[in-house]
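This briefing sets out selected features of one chain, grouped by topic. Please read it alongside the sequence and the structure shown here.

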Amino acid sequence: GSELVVNGTFDTDRTGWAGWNLVYSPNNIIQSNGKGVFLMDGLGGAVSANLDIAVSANNAYFLTCFLTSNSLNSSVLAISDGPNFTYRFGFFASALNLQFRSIVPTQNYIRLYAYTFNNTAIQDALYDNISLKAIL
């Protein structure tokens, strides 16, 4: 299917992502190998951003994400099923780099929630190539 994530490559900016909380650098986009990478700086606290994506309930989707961090398991990309933000589809953790899974939402949208946290030190996380496509 076609790409459903708005600006999952962050090649120029963070357009489409919302819910910014304590984001420190001016536009949070850095260049890595000529491509944009979304950088979240958790400066002794937490930062977050989210993206709601319209989907068809009960259809299968394939989600991928590149996520790396300077601290094991302190950054995640959580995946919700509609307005029930218990993130029933779990999350991608920072330890795994390129990650993927199939999901079948029961609602008409999902929320991707990028979250980086560390209460004692500077926490950097890099998010890139976030993609959601219908499985045909």
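In this predicted model, Ser-131 has a relative accessible area of 14% and therefore counts as buried, the cut-off being under 20%. Ser-131 belongs to strand E10, which covers residues 122–134.

**Surroundings of Ser-131**

- A polar contact of 2.6 Å links the side chain of Ser-131 to the side chain of Glu-3.
- Beyond four places in sequence, the residues touched by Ser-131 are Glu-3, Val-5, Phe-62, Leu-63 and Thr-64.

- Strand E6 comprises residues 75–79 and is mostly covered, as five of its five residues are buried.
- Ser-75, Leu-77 and Ile-79 point one way from E6, whereas Val-76 and Ala-78 point the other way; all are buried.
- E6 is joined to strand E9 (residues 109–117) by five bridges, and the two strands run antiparallel.
- In this pairing, Thr-116 of E9 is the residue opposite Ser-75.
- E6 is also joined to strand E7 (residues 91–93), here by three bridges and again in an antiparallel arrangement.
- Ala-93 of E7 is the residue opposite Val-76.

**The largest nonpolar core**

- The largest nonpolar core has 22 residues, of which Ile-110, Leu-112, Ile-130 and Leu-132 touch the most other members.
- Two or more residues of this core come from each of strand E4 (46–54), strand E5 (61–69), E6, E9 and E10.
- Among the residues that Ile-110 touches, beyond four places in sequence, are Leu-51, Ile-53, Val-55, Ile-79, Phe-89, Ile-103 and Leu-132.
- The contacts of Ile-110 also include Asp-52, Ser-80, Gly-82 and Pro-105.
- Ile-79, which is touched by Ile-110, is one of the buried residues of E6.

- Because Phe-62 lies in strand E5 and Phe-100 in strand E8 (residues 97–103), the pair ties together parts of the chain that are 38 residues apart in sequence.
- Phe-62 has a relative accessible area of 37% and is partly exposed.
- Phe-100, at 58% relative accessibility, counts as exposed.

**The segment before strand E1**

- Leu-4 is placed in the segment before E1 and counts as partly exposed, at 28% relative accessibility.
- Leu-4 and Leu-132 are 128 residues apart in sequence, yet their C-alpha atoms are 5.4 Å apart in space.
- Beyond four places in sequence, Leu-4 is in contact with Ile-53, Ala-54, Val-55, Tyr-61 and Leu-132.
- Val-6 is found in the segment before E1 and is partly exposed, with a relative accessible area of 44%.
- Val-6 and Ile-130 are 124 residues apart along the chain, and 9.1 Å separates their C-alpha atoms.
- The contacts of Val-6, leaving aside neighbours within four places in sequence, are Thr-15, Gly-16, Trp-17 and Leu-51.
- Asn-7 lies in the segment before strand E1 (18–21) and counts as buried, at 19% relative accessibility.
- Asp-13, Arg-14, Thr-15 and Trp-17 are the residues touched by Asn-7, not counting those up to four places away in sequence.
- Thr-15 and Trp-17 are listed among the contacts of Val-6 and among those of Asn-7.

**The chain as a whole**

- The secondary structure of the chain consists of zero helices and ten strands.
- Of the 136 residues of the chain, 43% count as buried.
- Considering contacts between residues at least 6 apart in sequence, 72% join residues at least 24 apart.
- The chain has an accessible surface of about 6700 Å², of which carbon and sulfur atoms account for 55%.

How values were computed. Residues are numbered from 1 along each chain as its sequence is written. This is a predicted model: local features need pLDDT of at least 70, side-chain atom pairs count only at pLDDT 80 or more; totals for chains, interfaces and linings use all residues. Side-chain values use heavy atoms; hydrogens and water are left out. Helices (H or I, at least four residues) and strands (E, at least two) are DSSP runs, numbered from the N terminus. Buried means under 20% relative accessible area, exposed over 50%, partly exposed in between (1.4 Å probe, protein chains only). A polar contact is a pair of N or O atoms within 3.5 Å; within protein, one must be able to donate a hydrogen and the other to accept it, and residues adjacent in sequence count only if both atoms are side-chain atoms. Contact means heavy atoms within 4.5 Å. Two strands pair if DSSP finds at least two bridges between them. A nonpolar core is a set of buried Ala, Val, Leu, Ile, Met, Phe, Trp, Tyr and Cys residues joined through side-chain atoms within 4.5 Å. Accessible areas come from the Shrake-Rupley method with a 1.4 Å probe; for residues, only the protein chains shown count as cover.
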